[in-house]
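Please read the points below with the structure open beside you, taking them one at a time.

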Amino acid sequence: VGKRVFTSDRLYEGGAPPGVVMGLSWTAMGGASLYIEVQSVRHKSSGGGTLTSTGQMGSVMEESTRIAHTFARRKLEDFQADNAFFDTHDLHMHVPEGSIPKEGPSAGVTMTTALLSLALNRSVRADVAMTGEISLTGKVLPVGGIKEKTIAARRSGVTCLIFPHGNKKDFEELPGYLKEGLEVHFATVYNDVFDCAFAEESGGGGGSGGFLAPKE
Amino acid sequence: VGKRVFTSDRLYEGGAPPGVVMGLSWTAMGGASLYIEVQSVRHKSSGGGTLTSTGQMGSVMEESTRIAHTFARRKLEDFQADNAFFDTHDLHMHVPEGSIPKEGPSAGVTMTTALLSLALNRSVRADVAMTGEISLTGKVLPVGGIKEKTIAARRSGVTCLIFPHGNKKDFEELPGYLKEGLEVHFATVYNDVFDCAFAEESGGGGGSGGFLAPKE
Amino acid sequence: VGKRVFTSDRLYEGGAPPGVVMGLSWTAMGGASLYIEVQSVRHKSSGGGTLTSTGQMGSVMEESTRIAHTFARRKLEDFQADNAFFDTHDLHMHVPEGSIPKEGPSAGVTMTTALLSLALNRSVRADVAMTGEISLTGKVLPVGGIKEKTIAARRSGVTCLIFPHGNKKDFEELPGYLKEGLEVHFATVYNDVFDCAFAEESGGGGGSGGFLAPKE
């Protein structure tokens, strides 16, 4: 199924820590699974609240980090109004591998999820990967390369995918052997992504015990 | 009526939340309706009052965000002298879709309206779209592409348009089938935009109940 | 064994001070050993915590300095939770020789080690050199030029090497005369690097007296 562009697609095999989420990217050389890593450092004095980004991101992807930051800050207010994490910590978002240029807005939902994962100190499901542009108010916009991204996800052992609702038709048109065995969620707004990414994997009782995303 | 440049022109079909307003843009590929989204995050400690912008804006459009910010802050003082919203919140203005470069000053009135909408926590009319450069004191200046923008607005289901007064002749020269069924307002100063955008849609009693823009 | 690209490979012969660590680089002209130097200045008032970098680093290497900075800050919290070194000092990272352009992510582990060495005020082993990209959470990623780097290390009198685990096969395939007499460690996560670099060289009792890197 093609040559791997990135060699780090199994960097967190078996489950990533809070702040790390697998995204799916798409280049001329094919699809690839790419982790978004966020690290936080508590600011010792007053101040904090900055966001640094690395990983040879182009200007559109760089802007995505800031959209994700603003939206995640806003979203956290809905969940935990008195959680000051984003104001007291300096954040740093990185996309391995550091020498390969990356571009595009399609990591928006992944970046947002990585930031919330860290702020809430909760890992996402171990088997999930996602792609989608996010608007500043949490709308999930369609992206390109659904076929290539699905292939890349399968190659990385992912079984649960989150795609924008606007890409539902693209996915449904894929050949059956590519869709087989995948659990796919189509998101219209970011809360759809959140509910899936932070769901209990095979949880008893169905649904999260006391941790539901508020409706947008 | 031409190919769509943007696919997000129905992102907020049925009405946008406070902070989101539909603008009209014009490129070599035709007109397009484009939302301006503003999100706010309350600063936990002292500080706040910043404005971040994303959406691949060119330098002229970037400057428009700052003109809109200054004018909206000034305008809010007239409405609600003790409203500290702009001083206690970090703001972020975004224009989906994040990967398409955008340029020009014609979103000035739209940006101003989006900022005031958020500060006042009031949505604009669901059926309105607007275009116009704004000066730092609130004068509304004419823009290009009135025909293309009217076509784009119709395509997006918009029925109420706000254009600069300096473009009145451009609109009147359009063929009748393009003008048919549209409610069009021509603005000389920003208050003209405000009165229309925040008017009750089919309000009883004519005019706003207790919320009138002061005269400039 | 080839021409030297850099002439500074014996700059700290006999052992480097805290903040200086030998890395290994690889260019079209061959491998080279290159010191990473970090200097700190205590900030007199509140503030501080900045990182400046010099040495004609390309953008990827420049980003590596920031990844190393964030990770080292985070790591220090695990070791010494109340050590405010990184918040009270302005840091400067330099790679001699200042006129030769350098690029790539493979100095990541070296930079991280130099920063921690300074913050902990502990020198690394005098006989060690290292190479490896670091991710923001401390994963060690494979790099290129293992053969050239091994040759360069031998030329500089280094006897202990730290390579990424992903390069183990590359090293094992080298001819025996290049591997002879070298102590080589393969790192999966940064703690593997730390444990080796700060180990007592021929220490009595085996292992560090009260200074163990916590597990990641």
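**Notes on helix packing and salt bridges**

1. In chain C, α1(C) passes α3(C) in a right-handed crossing, where a crossing is called right-handed if the near helix is turned clockwise from the far one by less than a right angle, and left-handed if anticlockwise. Helices here are DSSP runs of H or I with at least four residues, strands are runs of E with at least two, and both are numbered from the N terminus.

2. Before going further, please keep in mind that this is a predicted model, in which local features need pLDDT of at least 70 and side-chain atom pairs count only at pLDDT 80 or more, while totals for chains, interfaces and linings use all residues. Residues are numbered from 1 along each chain as its sequence is written, chains are lettered from A and ligands numbered from 1 in the order in which they are written, and side-chain values use heavy atoms, with hydrogens and water left out.

3. Two packed helices are described by the angle between their axes and the distance between the axes. For helix α1 (residues 59–79) of chain C and helix α3 (residues 108–120) of chain C, the axes come within 8 Å and cross at roughly 45°; an axis is a line fitted to C-alpha atoms, for helices over the stretch in contact, and the angle runs from 0 to 180 degrees between N-to-C directions. α1(C) and α3(C) are therefore oblique to each other, given that angles under 35 degrees count as roughly parallel, over 145 as roughly antiparallel, 65 to 115 as roughly perpendicular and the rest as oblique.

4. Which residues bring these two helices of chain C together? On the side of α1(C) they include Met61(C), Ala68(C), Phe71(C) and Phe79(C), and on the side of α3(C) they include Met111(C), Leu115(C) and Leu120(C), contact meaning heavy atoms within 4.5 Å. By class, the contact of α1(C) with α3(C) consists of 11 nonpolar, 5 polar and 1 charged residues; Ala, Val, Leu, Ile, Met, Phe, Trp, Tyr, Cys and Pro count as nonpolar, Asp, Glu, Lys and Arg as charged, and the others, Gly among them, as polar.

5. The crossing of α1(B) over α3(B) is right-handed, and the residues in their contact divide into 11 nonpolar, 5 polar and 1 charged.

6. In chain A, α1(A) and helix α3 (residues 108–120) likewise pack at about 45°, their axes being 8 Å apart, and this makes α1(A) oblique to α3(A). Their crossing is right-handed. Chain A as a whole has 7 helices and 9 strands, and 58% of its 216 residues count as buried, buried meaning under 20% relative accessible area, exposed over 50% and partly exposed in between, with a 1.4 Å probe and protein chains only.

7. Side chains of opposite charge can pair when their charged atoms come close. Over all chains the structure holds 25 salt bridges, a salt bridge being a side-chain nitrogen of Lys or Arg within 4 Å of a carboxyl oxygen of Asp or Glu. One of them joins Asp87(A) to Arg73(A), with the closest N and O atoms 3.3 Å apart. Asp87(A) lies in helix α2 (residues 85–88) and Arg73(A) in helix α1 (residues 59–79) of chain A, so the pair ties together parts that are 14 residues apart in sequence. Asp87(A) is buried at 11% relative accessibility, and Arg73(A) is buried at 12%.

8. Another salt bridge joins Asp78(A) and Arg74(A), at 3.4 Å from N to O. These two residues are 4 residues apart in helix α1 of chain A, so about one helical turn separates them. Asp78(A) is partly exposed, at 40%, and Arg74(A) is partly exposed, at 26%. Arg74(A), Lys75(A), Glu77(A) and Asp78(A) are linked in a network of salt bridges.
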